[in-house]
Amino acid sequence: MLHHSEVAKHNKEDDLWVIIEGNAYDLTEFWPNHPGGAKIILKYAGQDATEPYLPLHPPDTLDKYLTKDKHLGPVDLSGIKIVAKEETQEEKERKERAANKPAMSECLSLYDFEAVAKSVLPMGAWAYYSSGADDEITMRENRGAYQRIWFRPRILRDVTEIDFSTKILGHKTTLPIYITATALGKLGHPDGEKNLTWAGAKQGIIQMIPTLASCSFDEIMDAAKPGQVQFMQLYVNKDREITRKIVQHAEKRGIKGLFITVDAPQLGRREKDMRQKFADEGSDVQNKSGEDTDKSQGAARAISSFIDPGLSWKDLSWFKSITKMPIILKGVQCWEDAVLAAEAGCQGVVLSNHGGRQLDFARSGIEILEEVMRELRKRNLLKNGFEVYIDGGVRRAGDVLKAVALGATAVGIGRPFLYAYSAYGSEGVVRAIQILKDEMEMNMRLIGAPTLADVTPEMIDTSNLHNRAVDGAPDYLARANYEPLAGVGNGLGSQPRLISKEAKGML
């Protein structure tokens, strides 16, 4: 067994070991190509890197990236001086708020879960989950666009029985929604993405597994119930052999749809996240170039350097050659590309701007949906079962119905479920989905639609949909959580927190 003092000697760029969960690893050859950037590894050269490693990496990461000879075995940590971190006032107040958070039964909308999550999450986690690109205008527009669509209810229809079940890629779901992929689930809860797996099983909702999950892919698959339907979101690696292995392993494990992210050749500038200096890498001593070390990447950039900016339409034929899974392009943002995807033989598209986290001033999915459906129908491209989904900004069942009325098969919901389990674990996600089901039943009754097939374009008024105005009519309902849930916010402490640009407008 190695002694920790021996590991400490290997702290140079050309001789670099680290300790993770009591085992030593030789990263000398690996660190320059670390997908999360090299500087964070340099910072922990010769040291125990367990604390920064665990929230960001699935448990199988070391096996996946390091050959066996780089696994150096267990380390004797006896005698190591452990310096207890002094708990900050902010952390003390956060723990107090977490201990006194409202009962889950008091959460009446998805906004309530967000309010509780903001109150109880560590600042870095909240910044990563809640941030949008640049001025966060697209992130706000994703929500605002739904509020420019109004219902045209029909009356005197028998709505005794309401059925909002449907199928996505031929697979049953109890609601026209799916749990869309979101990264770094363990920042919000120790069980990470498994919370979504468990809740999806209980509520009959399909989960999309993210490439950048905190849990390993197999961990998430193993947490599923027999027969539970799951999709996979894929960031395409520059190394196509890695991508091929990921895709074929997913197919072997029973994944029913491959959602290839196409809106992220580079991850956007999420300044709220970047200000947290999540990747506090490197030191002046280790920086041989003498340049200032960039300590403001944030979590997003720290985990994304492997994504291939060279991905193009010609790669679709290669994907078809390595898998029989349905291929869906996630991140389509105009009707022209939706048409190209259908003509290229994809099984569907997700109209998405990545939750407002990529290109600021990209249009919302619900706005794009109207033109996409018009052009697909004009060219008769829906005849082979081509399906259209949207995500971004969905917070109410009424939003889902508006999307269905315009022709969407289903909508993806991401952040609200992250917030739900950050606040209350998997049962929080179960309750969030149940809230959507309750809202759906009420809304379908009130618009006169006993089934989703009855939710037609004539039931909505989109005449104002394209009249975008940046912060022209502030969404006080969303920003203040309507009647804010008792027990969160200023009542439980006044520690400084990052204030988003939209929140500053309220002060």
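In which helix is the place of glycine 200? Glycine 200 lies in helix α9 (residues 194–203), helices here being DSSP runs of H or I of at least four residues and strands being E runs of at least two, numbered from the N terminus. The model is a predicted one, in which local features need pLDDT of at least 70 and side-chain atom pairs count only at pLDDT 80 or more, while totals for chains, interfaces and linings use all residues. Residues are numbered from 1 along each chain as its sequence is written, and side-chain values use heavy atoms, with hydrogens and water left out.

**Overall composition**

- The protein contains 21 helices and 17 strands.
- Of its 507 residues, 55% are buried, where buried means under 20% relative accessible area, exposed over 50% and partly exposed in between (1.4 Å probe, protein chains only).
- Among contacts (heavy atoms within 4.5 Å) between residues at least 6 apart in sequence, 76% join residues at least 24 apart.

**Surroundings of glycine 200**

- Glycine 200 has a relative accessibility of 2% and therefore counts as buried.
- Apart from neighbours within four places in sequence, glycine 200 is in contact with Ile179, Ile205 and Gln228.
- The C-alpha atoms of glycine 200 and tyrosine 178 are 8.7 Å apart, with the two residues separated by 22 positions along the chain.

- Strand β9 (residues 177–179) pairs with β16 in the parallel sense over three bridges, pairing being assigned if DSSP finds at least two bridges between two strands.
- Isoleucine 179 has isoleucine 413 as its bridge partner in β16.
- Strand β15 (residues 387–391) also pairs with β16 in the parallel sense, over three bridges, and the partner of tyrosine 389 in β16 is alanine 410.
- A right-handed β-α-β unit is made by β15, helix α17 (residues 397–406) and β16; right-handed denotes that, with the strands pointing away from the viewer, the path from the first strand over the helix to the second runs clockwise.

- Strands β4 (residues 23–26) and β5 (residues 71–76) run antiparallel and are joined by three bridges, with alanine 24 partnered by glycine 73 in β5.

**Helix α15**

- The buried residues of helix α15 (residues 335–343) are Ala338, Val339, Ala341 and Ala342.
- Viewed down the axis of α15, these buried residues fall within an arc of 160°, so they line one face of the helix; the arc is taken from the directions between the helix axis and the C-beta atoms.
- The buried residues of α15 pack against β13 (327–332), β14 (348–351) and α16 (365–378).

**Aromatic pairs and ring contacts**

- The whole structure holds nine aromatic pairs, counted if ring centres of Phe, Tyr and Trp (its six-membered ring) lie within 6.5 Å; planes under 30 degrees apart count as stacked, over 60 as edge-to-face and the rest as tilted.
- One of these pairs is the edge-to-face arrangement of phenylalanine 113 and tyrosine 424, at 6.0 Å centre to centre with 80° between the planes.
- This pair links distant parts of the chain, with phenylalanine 113 in helix α6 (residues 110–120) and tyrosine 424 in helix α18 (residues 415–424), 311 residues apart.
- Both phenylalanine 113 and tyrosine 424 are buried.
- Tryptophan 318 and phenylalanine 319 also form an edge-to-face pair, at 5.0 Å centre to centre with 70° between the planes.
- Tryptophan 318 is partly exposed at 24% relative accessible area, whereas phenylalanine 319 is buried at 1%.
- A single aromatic cluster is formed by Tyr178, Phe231, Phe259 and Tyr389.
- The charged end of arginine 357 sits over the ring of tyrosine 128, 4.9 Å from its centre; the criterion is NZ of Lys or CZ of Arg within 6 Å of the ring centre and within 35 degrees of the ring normal.

**Serine 131**

- Serine 131 is placed in the loop between α7 (123–130) and α8 (137–146) and is buried, with a relative accessible area of 0%.
- Beyond neighbours within four places in sequence, its contacts include Arg270, Asp273, Arg357 and Arg415.
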